[in-house]
Each structure stands twice: as C-alpha cells, then as structure tokens.
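Please keep the viewer open while you read.

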Amino acid sequence: MKKAILELGGNINRLDTALDLAKKSPNALIIISSESDPKECLQKLKAAGIAKERFILDYNAWDTVTNFVKTLPIIKNEEIDELYVVTDLFHIQRSRIICESVYFNTGVKTYYIPHGTDDHKESIWYDMFRSIFWRFTGYLWYEPNVKNARMSQIEADGRLAKELLQNYEL
C-alpha cells in the first residue's frame, strides 16, 4: 500500500497535524496544497526532519475544490492507494464530499484527519455541485473573482517555494 498525506492549505497550523501523522507513517508522501507562507512551511518540514524527496509543495489551488482537482494527477502519478486528508475539523464534511466526488472510482481509499475545533460550519452544496460537475464533464466551474483575488499570491508563494527548495537540505 502506498500512502500519502494531503494537507489542505489555508491554515499553516494544519501542517503540524500532518507532520504528527507523518511521524506515524514514515513512508507516506506528504502533499501540501497551496499552503501560505512557504518559508514557514519549509521551516516546519525541516524541523520535523522531513527529507525533500518525501514531500511535494503544490501551489496550484485557490480553493478546496481545486485542492483536490489539482492534486489528483499527483495522486495518480505516485500510484497512491491510501490518502489521509488533513484539514480543520469544521472543514472535514465539505472536504470529504469534494474529495469523494473528485477521486470517485480512482481506487484511492481516503481518511480524514481533523485539526483544531469545530468552530463554524460551511456551506457545502455549491462546492459539491462544482466537484461532481468537474468529475463528469472535466470542466472546472469556479468564481473568477475568487481565483483572481487569490492566484497572484499563490503564484508568488509557489515561486518563493521553488527558490527556497533549491537550498533545502536536512
């Protein structure tokens, strides 16, 4: 069984939960999807003793649906059988529905690892529709204003992460 841990960006503290899980699964690949502040992200990985070959920083997602859509090729390419999704507790129900829609019929068994507390609820219907629509049509329906507002920072973080990775060593 090939395992991966997918940390959904948006709260750098989720990475602490992912790294705790990584200690228990020393062969699992760690995929970090559009986490802000690549410098802090890499510092946490280094402090946890995670080798560069063990993680992938993916700066292509601007929301939860795209966290899964954009990491699906990685999951397939790495031939992952088991996926541990790390996100905030309040975000798990929404993440589960999106993940199961996007990864439908891929053979990947998913588990959801909570971080933090259940301090508020999110609406899931819109993103559930978007992920199912993408799964069956291949068309990614999204709000252009959300993508436009977030992508310049995500792209800048991605460039910085690439630059910092050149000097990343344990």
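Which residues form one aromatic cluster? They are Phe 129, Phe 133, Tyr 139 and Trp 141. Before going further, note that this is a predicted model, in which local features need pLDDT of at least 70 and side-chain atom pairs count only at pLDDT 80 or more, while totals for chains, interfaces and linings use all residues. Residues are numbered from 1 along each chain as its sequence is written, and side-chain values use heavy atoms, with hydrogens and water left out.

**Aromatic rings**

The structure contains 9 aromatic pairs. Rings of Phe, Tyr and Trp (its six-membered ring) pair if their centres lie within 6.5 Å; planes under 30 degrees apart count as stacked, over 60 as edge-to-face and the rest as tilted. Phe 68 and Tyr 103 are edge-to-face, because their planes meet at 85°, with ring centres 5.9 Å apart. This pair links distant parts of the chain, 35 residues apart: Phe 68 belongs to helix H3 (residues 64-77), and Tyr 103 to the loop between helix H4 (92-102) and strand E5 (109-115). Helices (H or I, at least four residues) and strands (E, at least two) are DSSP runs, numbered from the N terminus.

**Burial of selected residues**

Buried means under 20% relative accessible area, exposed over 50%, partly exposed in between (1.4 Å probe, protein chains only).

| Residue | Relative accessible area | Class |
|---|---|---|
| Phe 68 | 0% | buried |
| Tyr 103 | 4% | buried |
| Ser 34 | 12% | buried |
| Asp 37 | 35% | partly exposed |
| Phe 129 | 41% | partly exposed |

**Strands and a loop**

Strand E1 (residues 3-8) is mostly covered, with 5 of its 6 residues buried. Two strands pair if DSSP finds at least two bridges between them. E1 runs parallel to strand E4 (residues 82-88) over 5 bridges, and Ala 4 has Leu 83 as its bridge partner in E4. Another 5 bridges join E1 to strand E2 (residues 29-33), also in parallel, where Ile 5 stands opposite Ile 30.

In the loop between E2 and helix H2 (38-47) sits Ser 34, whose phi is positive at about 50° although it is not a glycine. Asp 37 lies in the loop between E2 and H2, and its phi is positive too, near 50°.
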